[in-house]
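Biologist: I am new to this one. Please show me how to read it, one feature at a time.

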Amino acid sequence: MRERGTRRILWIALGCLGCLGLAAGSVLWRRYGYWLTYHLTPPPPLPDLPTAAPYTPWPTPTVAEAFDYPLLPADAYAPYVPGVSGPLPVDTRYGFQNPAMGNNSNCFRDAAGDPVPFGQLYHAGVDLFAVDDRGQTIWGAATHVPVHAVADGVVLYTLDAGSDGEIVIVEHLLPDESAIFSVYWHVDYVQVRRGQPVTRGQVIAVVMDKGPNSHLHWEMRTFEDGADLFPAGSAGAPGCNGHVAGVGYTWDDDSTRAHPEVYGYLDPVAFVETHQ
Ligand SMILES: [Zn+2]
């Protein structure tokens with residue numbers, strides 16, 4: 001009899017331990033499960049990256065006869081337009097402001113030396129996100145898609161802007177002997193070097209993995225470096241990326257001079273449409 005009683009107590013004790021274990025496990029899972037899930041999910045795969053083309057430092061650029069979009073097919077990528085691409089109050093088209101983006105900024109300072117709120121800055125390029133066939137943004141689907149040179153040209157810069165990804169700038173010679181520059185930001189796995197000639201459509205990098213926010217910031221502009229566009233010593237001089245002057249945004253105390261067009265940036269989409 002006594003032995004049976006002892007066994008019963010043992011079983012009850014074991015049962016209690018099991019319950020405690022289950023409870024502790026569920027608390028741990030609720031707390032750290034996301035971490036495990038996140039780290040066990042593989043990142044989106046990289047596309048096949050081509051070997052860089054043969055390279056002669058600083059050749060004379062060939063004349064760029066035609067331009068194309070950096071992400072292909074072109075209709076699978078578009079800027080975020082509030083009320084069109086989705087419900088967020090954000091606009092990533094060329095020349096638009098984003099009041100919804102908040103007040104934090106160290107990019108530009110006004111005449112009094114105070115930081116200009118980020119929501120007042122003018123977007124100097126276009127941010128291309130993946131979209132579905134109804135034009136709705138598919139968050140994160142642009143991750144690791146190949147970035148193509150928009151025309152024949154020579155690579156001027158490849159610069160690492162840290163957590164914002166790398167920046168590639170390509171110079172293109174136009175038939176009238178003027179030059180135009182294409183800028184690609186938030187990219188990764190850059191395939192080209194400074195001084196390397198590229199051809200239209202050549203894969204030069206991929207879109208950086210920024211999670212749902214993966215997108216290409218793309219500019220077409222008439223100047224190489226924005227160092228002389230923004231007063232030296234102002235927060236605008238190193239650019240909003242903190243590295244290259246003139247990549248990202250524009251601003252001016254005088255609102256008639258604040259739009260990127262004033263500084264020599266062109267609407268990238270309109271430019272390609274008229275130079276295809
Ligand atoms: Zn942008």
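Biologist: Where is the place of Glu177?

Modeller: Glu177 sits in the loop between strand 6 and strand 7. Strands are DSSP runs of E with at least two residues, helices are runs of H or I with at least four, and both are numbered from the N terminus. This is a predicted model, where local features need pLDDT of at least 70 and side-chain atom pairs count only at pLDDT 80 or more, while totals for chains, interfaces and linings use all residues. Residues are numbered from 1 along each chain as its sequence is written, and side-chain values use heavy atoms, with hydrogens and water left out.

Biologist: What is phi of Glu177 near?

Modeller: Most residues other than glycine have a negative phi, and most peptide bonds are trans. Glu177 has a positive phi, near 75°, and is not a glycine. Tyr189 also has a positive phi, of about 50°. Tyr189 is in the loop between strand 7 and strand 8 (197-198). The peptide bond from Leu72 to Pro73 is cis, with omega near -5°. Pro73 lies in the loop between helix 1 (2-40) and strand 1.

Biologist: Is Glu177 buried or exposed?

Modeller: Relative accessible area decides: buried is under 20%, exposed is over 50%, and partly exposed is in between (1.4 Å probe, protein chains only). Glu177 has 70%, so it is exposed. Tyr189, at 38%, counts as partly exposed. Ile204 has 0% and is buried. Of the 276 residues of the chain, 42% count as buried.

Biologist: What is Ile204 in contact with?

Modeller: Contact means heavy atoms within 4.5 Å. Ile204 is found in strand 9. Leaving aside neighbours within four places in sequence, its contacts include Val168, Tyr184 and Tyr189. Ile204 and Val168 are 36 residues apart along the chain, yet their C-alpha atoms are separated by 8.4 Å. Across the chain, 66% of the contacts with a separation of 6 or more join residues 24 or more positions apart.

Biologist: Which residues touch the most other members of the largest nonpolar core?

Modeller: In soluble globular proteins, nonpolar side chains tend to be buried together. A nonpolar core is a set of buried Ala, Val, Leu, Ile, Met, Phe, Trp, Tyr and Cys residues joined through side-chain atoms within 4.5 Å. In the largest core, of 31 residues, they are Phe67, Tyr184, Leu216 and Trp218. Among the elements that give two or more residues to this core are strand 7 (179-188), strand 10 (216-221) and helix 3 (268-274). A second, separate core has 14 residues, including Cys107 and Phe108.

Biologist: How many aromatic pairs are there?

Modeller: Eight, in a search of the whole structure. Rings of Phe, Tyr and Trp (its six-membered ring) pair if their centres lie within 6.5 Å; planes under 30 degrees apart are stacked, over 60 edge-to-face, and the rest tilted. Phe118 and Tyr249 have ring centres 5.0 Å apart and planes at 65°, so they are edge-to-face. The two residues are 131 residues apart, and the pair links distant parts of the chain.
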